[in-house]
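Q: Hi! Could you walk me through this structure?

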Amino acid sequence: MNPVIVIPTYVSVRRSREGGNVLTTYDHATPLTQAGELPRCLESLQQVVDIGPIVILVVSEPSIEVQAAEKVQKIASKFPKLGIVVIGAPELNLIQQRMEQLGLGRQQAEIGLSSYGAIRNLGLLVTSTLGFDAVVFIDDDEVIDDPEFLHNAMYGLGKLTKKGIPILAKSGFFFNTQGTYLSASQDKWYNRLWQQGRAFNKWMAKAMRGPRLSRSNYVCGGCFVLHKEAFKRLSFDPWITRGEDLDYMLNLRMYGSDMWFDNQWSLLHRPPASTSEGTRFRQDIYRWLYEFRKLEYSRTQIDLLQVKAASLEPYPGPFLEPGIMNRIRMTAFMRSLARPDKSAYRKAAKAATGEAATYAQRNCSRYFEFQFVWPEIMARMEHDTMLTTALIQSVSQRQVMINLGTGGIDPGSTSEIRLNIAE
């Protein structure tokens, strides 16, 4: 196969961005003035056997998007043995121009650098445009410790199971800083109604005892591979606030496919210090309420398979049941009494009955509407030589300007490249 590795990297004015838009708040954004974890990740990729092209997606606030792309380009240039293409705001602008020329619209909320799901979709679109038939997603705060990482990623992909089921989407797993793949204990009184870690560990223990490839209830977005027959047909959900990887598994099931788990494919997760607990829980509230409403809505669609919480035991089924609202409210309240981040948890408790519930209700149908146009977008953009030329030209121009010390490309100053596309 012909795989590409895609790495989203998040750059911010500061390490931590509290509150704000739940769709554009990211776990581990690196300050513009710091190198962050990306160089370590790229260094580890140098020892991977048969390593191919790497695409880095640069996510940042609009005010620093040019500087962020330039920063990442400078980091990438330190690894000349790796074939790295940096996709930032200037390249996204070219992609959106091309989509408009093809009558597809810009799809700014759905494909871009503004939410976890939209970022993944941009990775899929670039993968298809450049002509790759598989995409391996990893995160910039991970370390590859296995030279056979890419070979293991491709193991079984595109093949048929003994029952004739194609394997088109597969997840591996990571070892955390404690050297285990299990989640940290949550056995505290204030987590009594929110045993996400315990439920995950129960599922994981069973999967690790099973055959190498098994049907999965779990997706590790930082160790995740998709065959083109999956991503050409199915997009990520741009409206989910986090957990877009697990959501993709649910989408696969609704549309008649499935996710597989490979218990011999792994890497190391080495994130920086965590951001606010309460802020992350607020995103989780949006996530699970949205997921619940989305599955409810999907059952009204005659062309979709029903995905029930009972089929997702022990994880994530309990978080997709009708009682999720009360569990969220009570957990937020109890954590606000016991955890250091009291104020953020109190705000999270209010969100459960207000803005998060409203958000879920308003947006639960939008993914399915987008799915009507996604296959056409992918078909029209696949192997687009004009766009490919423009993207490579844009990246090369940025590198030249960096070498000359004149700075990177401004997203609004791509007129010459735009003309090349239009010819």
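Predicted model: local features only at pLDDT ≥ 70, side-chain atom pairs only at ≥ 80, totals over all residues.

A: Happy to. Residues are numbered from 1 along each chain as its sequence is written, and side-chain values use heavy atoms, with hydrogens and water left out.

Q: Good. Where does D50 sit?

A: D50 is in the loop between helix 1 (38-45) and strand 3.

Q: Is D50 buried or exposed?
A: D50 is exposed, at 56% relative accessibility. Here buried means under 20% relative accessible area, exposed over 50%, and partly exposed in between (1.4 Å probe, protein chains only).

Q: And what about the phi of D50?
A: The phi of D50 is positive, about 60 degrees, although D50 is not a glycine. H383 is also not a glycine and has a positive phi, about 55 degrees. H383 belongs to the loop between helix 14 (374-381) and helix 15 (385-404), and with a relative accessible area of 49% it counts as partly exposed.

Q: Let's zoom out. How many helices and strands does the protein have?
A: There are 16 helices and 10 strands.

Q: How much of the protein is buried?
A: Buried residues make up 59% of the 423 residues.

Q: And how much of the contact count is between residues 24 or more positions apart?
A: They account for 79% of the contacts with a separation of 6 or more. Contact means heavy atoms within 4.5 Å.

Q: Now K170, please. Where is K170 found?
A: K170 is in strand 7 (residues 169-175).

Q: Is that lysine buried or exposed?
A: K170 is buried, because its relative accessible area is 0%.

Q: Which backbone oxygens lie by the polar side-chain atoms of K170?
A: The backbone oxygen of Y155 lies 2.9 Å from a polar atom of the K170 side chain, and the backbone oxygen of A153 lies 3.1 Å from one. A polar contact is a pair of N or O atoms within 3.5 Å; within protein, one must be able to donate a hydrogen and the other to accept it, and residues adjacent in sequence count only if both atoms are side-chain atoms.

Q: What else does K170 contact?
A: Leaving aside neighbours within four places in sequence, the contacts of K170 include W260, D262 and W265.

Q: What about the second largest pocket? How much space lies in it?
A: About 370 Å³. Of its 20 lining residues, the closest to its centre are P62, E65, L92, L113 and S114. On a 1 Å grid over the protein atoms alone, a pocket is an open set of points where a 1.4 Å probe fits, with protein on both sides within 12 Å along at least five of seven lines; lining residues have an atom within 4 Å of a point. A volume is the space filled by probe spheres set on the points.

Q: Which element gives the most to that lining?
A: Helix 3, with 4 residues.

Q: Last topic: which peptide bonds are cis?
A: The bond from E313 to P314 is cis, with omega near 0 degrees, and a cis bond also joins Y315 and P316, with omega about 5 degrees. P314 lies in the loop between helix 9 (277-298) and helix 10 (324-338), and P316 is found in the loop between helix 9 and helix 10.

How values were computed. Helix = DSSP H or I, 4+ residues; strand = E, 2+ residues; numbered from the N terminus.
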